[in-house]
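Below are some notes for a colleague who is opening this structure for the first time. Please read them with the model on screen, taking the points in order.

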Amino acid sequence: MPELPLLFFPTPEAASRSSLGGGRGDVHLPSHQRQGKRLSPIFDRLQKAFNARRVEIMQNMAGIDSEQVLVIETVGSVDNFANAVKRIDGLEWMGELEIDEIVPDQDFYDEKKMDKELSGRFYLVMTNQRALDEMLSLWRRYQADSGMQFERGLTKFRDIFLHLKDIRRWDIQDRLFETGLIDIWVETLEYDRDRIVRFEAELWFRENEKIRESSAGQVMALVQQSGGRVLGQSIIEGIAYHGLLAELPANAIRSIVENPGTELVKCESIMFFRPVGQVVTGDKPQEGKVEISDFEDMPSPGGHPVIALLDGLPLANHRLLAGRIQIDDPDDWETDYAAIERRHGTSMASLIVHGDLDGGTIPLASPIYIRPIMKPIPWSSTPRPEGIPENCLAVDLIHRSVKRIFEGDQGEKPVAPQVKIINLSVGDRSRQFTHSMSPMARLIDWLSVKYGVLFIVSAGNHPTSISIGCSQDDFEILQPGELEAETVKAIYKDARYRRLLSPAESINGLTVGAVHCDASEVGILGARLDPFERVLPSPVSSFGGGYRRAVKPDVMFNGGKQLYRLSLRPTEQVTIEPVISLSSPGNKVASPSSLAGERNATSYCCGTSNATALISRAAGICYDSLQQIFSEQAYAADHTLFEVPLLKALLVHGCCWGDIGNRISDVLRNPENSSQLQSLVSRWTGYGVPRLDRVQTCTDQRATLLGFGQLSDGNAHIFRLPLPPALGSSREWRRLTVTLAWLSPIAANTQKYRISSLWFEVSGVSLATNRKEGCGGTTGWRAVRRGTVQHEIFEGQKAEPFMDGEVIEIKVNCRKDAGKIQNPIAYGLAVSLEVSEGVDIAVYNEIRTRIVPAIRIQQMAETI
């Protein structure tokens with residue numbers, strides 16, 4: 001037990017939630033007359049296109065009800081439009097997507113800033129002919145009389161007509177070209193002209209089971225007509241997912257590439273065609289050796305696994321891992337997994353168990369559970385890269401793997417029900433996050449709530465070249481600081497192509513980016529170069545933000561230094577390319593050896609996978625500390641429900657930007673972007689780098705308190721932090737850090753998506769009133785309330801006289817967001833108050849002497 005352990009708040013006071021406030025922007029909308037002139041031709045074209053496709057379907061697929069999906073594009077949003085859709089027989093709500101970067105025109109523009117880009121929605125609605133006719137009838141009646149009374153429940157259509165920018169059918173462009181699958185198919189056929197090609201057909205999720213069966217049957221028939229077959233199907237109602245795994249011969253794929261207008265591609269039941277097998281790793285780091293004697297004296301792990309690793313198969317008998325991991329391989333993938341190919345799983349297991357081997361840390365106290373979800377994929381050279389195989393749907397594989405942990409399968413018992421943390425150091429390179437949540441992210445969010453588990457997910461790597469933007473002559477005279485600045489600018493310029501990789505956009509998961517930092521000693525660089533002279537985010541680390549512009553990644557951590565070299569390809573401007581280092585730098589990990597029977601090989605590697613594994617390790621350590629705090633402070637109530645929210649809050653609580661944020665801001669700052677700087681920085685850094693020592697123990701000058709509870713819609717809890725009397729009238733610098741975390745249920749087919757919205761407010765004595773940039777500062781306080789972690793730092797030095805017994809109040813509020821809250825939402829809260837180390841103010845003891853008696857009184861009252 002630490003000498004100065006973290007403290008618990010007394011039970012909070014129940015209250016009603018506060019109002020969030022806020023409002024809509026001043027967007028100019030066209031007049032009723034203008035909308036009629038503008039939209040009438042669009043509706044006419046829509047009806048003709050719908051009728052033409054209906055006739056086509058009837059001719060080619062007899063007996064199939066002609067349903068088609070409409071894309072209703074609006075500027076701005078119309079709340080609860082789904083309820084109006086359900087009032088028209090034959091319309092079915094399919095979902096909605098948020099869109100931005102809408103170019104203003106003479107009809108739609110911001111009245112305060114006419115050149116400002118706008119945001120809006122894509123509303124997706126399945127319709128048959130009768131429902132479309134009814135909707136068009138509503139439009140025509142509205143055009144004839146703008147003051148018409150809409151029938152009960154249909155008034156939202158009037159709002160849609162006011163905001164409507166365009167309406168069209170969901171077509172080939174949406175379901176095939178937007179996913180990038182065509183380019184992947186072209187590349188695949190160039191490599192192997194006769195290859196059978198597998199793909200995923202993601203179907204529109206239909207609420208009615210019989211309609212779902214009919215939709216799947218229709219697609220299966222079309223695949224068979226094209227000479228292919230459907231290999232598998234996955235339906236997960238909790239995330240509104242319906243996917244088919246299918247394959248087609250090369251000639252059928254070639255026909256689609258040359259002429260996409262086939263019946264299969266035009267099938268109205270299909271939302272997207274997507275590639276499979278895109279979660280791949282393949283780096284081949286240099287081997288080394290480690291002195292095993294340094295680790296053999298470490299105590300063996302005990303107890304049940306708290307951390308699960310879903311990854312490649314590790315070397316179970318590696319001397320750094322033997323006895324410290326529990327491998328569960330129900331699909332027997334080991335038989336096709338040569339020892340030399342077990343790289344990624346071995347390195348991730350090594351980082352979780354031991355940390356960076358150059359860092360001198362001790363192994364975890366408990367074993368880790370490992371389920372392989374990757375295996376060697378067909379390749380021309382060895383060792384083969386590892387990836388999720390093409391013969392399964394990634395969503396289905398991970399769903400089955402997690403379900404097996406907590407529920408078991410095929411009549412077996414759960415294999416690791418005590419798991420609280422699941423590490424996912426993988427990402428889908430074919431699916432960068434833009435606006436819509438990927439099925440994998442929806443799955444993680446849903447499973448998080450279902451099983452009360454924290455997923456720790458890598459943001460994803462982009463090991464691509466960087467165009468520095470200067471000539472060779474200018475490049476050669478750049479000083480290290482200048483090269484650093486030019487590299488940061490170039491990466492930001494390319495940020496739209498370096499976005500989060502699915503499932504990193506998950507709202508309940510903790511997403512981890514990489515810091516360009518490690519504990520290694522770097523030898524001679526030779527032709528390699530390090531683009532950064534300071535600690536900054538890794539050049540390969542993905543950019544956020546997250547869904548609805550929430551803060552993503554959540555945190556970043558040491559992922560190893562990535563070195564570069566000058567590109568050999570002739571270009572007008574200098575380009576640098578990432579290199580796989582033949583030695584340090586990087587994180588040092590256990591690895592397979594090229595020598596048969598050798599079990600002590602190590603290597604260096606880098607990236608967001610590493611950073612994620614290290615945060616998972618930290619989560620395991622924090623979990624053990626949390627159990628000890630509950631035990632030592634004799635907290636009698638069952639705290640199981642609150643462990644994961646508290647753990648999530650603790651992992652973020654020590655975060656700040658520090659010098660990293662200052663450096664990026666200095667590089668990017670110009671006269672036009674001062675109001676956007678905080679958003680720009682957080683897209684790469686999230687909340688910053690966690691100082692994990694700050695959530696393990698307190699100091700004389702820093703007290704950290706934990707709170708937790710459950711809230712339903714409209715309710716709130718008020719926590720009171722007693723103020724140290726010695727701080728009264730003092731002008732010493734002080735900092736208040738508040739972190740709130742929870743797991744939210746989801747409404748998978750709505751734009752709001754997150755069902756529960758929680759947020760805190762700070763009031764009472766104003767000891768620290770300045771929001772620190774990067775953690776809810778003056779321009780970012782809305783962003784920190786958009787996800788499931790709110791983290792803010794307040795600082796001050798102003799003397800603020802107060803009486804002994806006065807407090808700072810932290811009010812935690814809850815309200816429904818995307819739908820009704822069915823069950824109370826469990827949350828975790830971490831609050832720290834501190835002054836500079838060495839200052840003669842006993843913050844910890846003065847708070848503790850005022851907190852502990854209050855807790856004892858409450859405990860006594862509960863036993864009476």
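1. A word on burial comes first, since several points rest on it: a residue counts as buried when its relative accessible area is under 20%, worked out with a 1.4 Å probe. The model is a predicted one, and by the burial criterion both F433 and Y547 are buried.

2. Searching the whole structure for aromatic pairs gives 26 of them. One of these joins F8 and F630 in a tilted arrangement, with 4.8 Å from centre to centre and 35° between the planes. Because F8 belongs to strand 1 (residues 7-8) and F630 to helix 16 (residues 608-632), this pair ties together parts that are 622 residues apart in sequence. F8 has a relative accessibility of 2% and so counts as buried, and F630, at 2%, counts as buried for that reason too.

3. F433 sits in the loop between strand 21 (428-432) and helix 13 (439-451), while Y547 sits in the loop between strand 25 (510-515) and strand 26 (555-558), so that the pair ties together parts 114 residues apart in sequence.

4. Two further aromatic features deserve a look. Ring pairs link F43, F81, W93, Y123, W139, Y142, F150, F157 and F161 into a cluster. Elsewhere in the list of contacts, the charged end of R274 sits over the ring of F272, at 4.3 Å from the ring centre.

5. Turning to the sheets, four strands make up an open sheet in the order 2-34-39-36, with antiparallel pairing. Strand 2 (13-16) and strand 36 (756-764) are its edge strands, each pairing on one side only, and the twist from one strand to the next averages 30°. Within this sheet, strand 2 and strand 34 (residues 715-722) are joined in the antiparallel sense by four bridges, and A15 stands opposite A716 of strand 34.

6. Another open sheet has six strands in the order 1-33-40-35-38-37, and here the pairing is mixed. Its edges are strand 1 and strand 37 (770-771), each of which pairs on one side only. Strand 35 (residues 734-742) and strand 38 (residues 789-796) run antiparallel and are joined by eight bridges, with L736 standing opposite F794 in strand 38. Helix 17 (residues 643-653) packs on this sheet, where it touches strand 33 (702-711), strand 35, strand 38 and strand 40 (825-835), and its direction makes about 145° with that of strand 35.

7. How many residues of strand 5 (residues 91-102) are buried? The count is 10 of 12, so strand 5 is largely enclosed by the rest of the structure. Strand 5 pairs with strand 7 (residues 118-127) in the antiparallel sense over nine bridges, and the bridge partner of E98 in strand 7 is R121.

8. Helix 13 can be checked for its length: at 1.5 Å a residue its 13 residues should span 18 Å, and the end C-alpha atoms are 18 Å apart, which agrees. Helix 13 is mostly covered, with 10 of its 13 residues buried, and among those buried residues are M440, R442, D445 and Y451. Just after helix 13 comes G452, which takes a positive phi of about 60°.

Technical notes:
Residues are numbered from 1 along each chain as its sequence is written. This is a predicted model: local features need pLDDT of at least 70, side-chain atom pairs count only at pLDDT 80 or more; totals for chains, interfaces and linings use all residues. Side-chain values use heavy atoms; hydrogens and water are left out. Rings of Phe, Tyr and Trp (its six-membered ring) pair if their centres lie within 6.5 Å; planes under 30 degrees apart count as stacked, over 60 as edge-to-face and the rest as tilted. Helices (H or I, at least four residues) and strands (E, at least two) are DSSP runs, numbered from the N terminus. Buried means under 20% relative accessible area, exposed over 50%, partly exposed in between (1.4 Å probe, protein chains only). A charge sits over a ring if NZ of Lys or CZ of Arg is within 6 Å of the ring centre and within 35 degrees of the ring normal. Two strands pair if DSSP finds at least two bridges between them. Axes are lines fitted to C-alpha atoms, for helices over the stretch in contact, and angles run from 0 to 180 degrees between N-to-C directions. Contact means heavy atoms within 4.5 Å. The expected span of a helix is 1.5 Å times one less than its number of residues.
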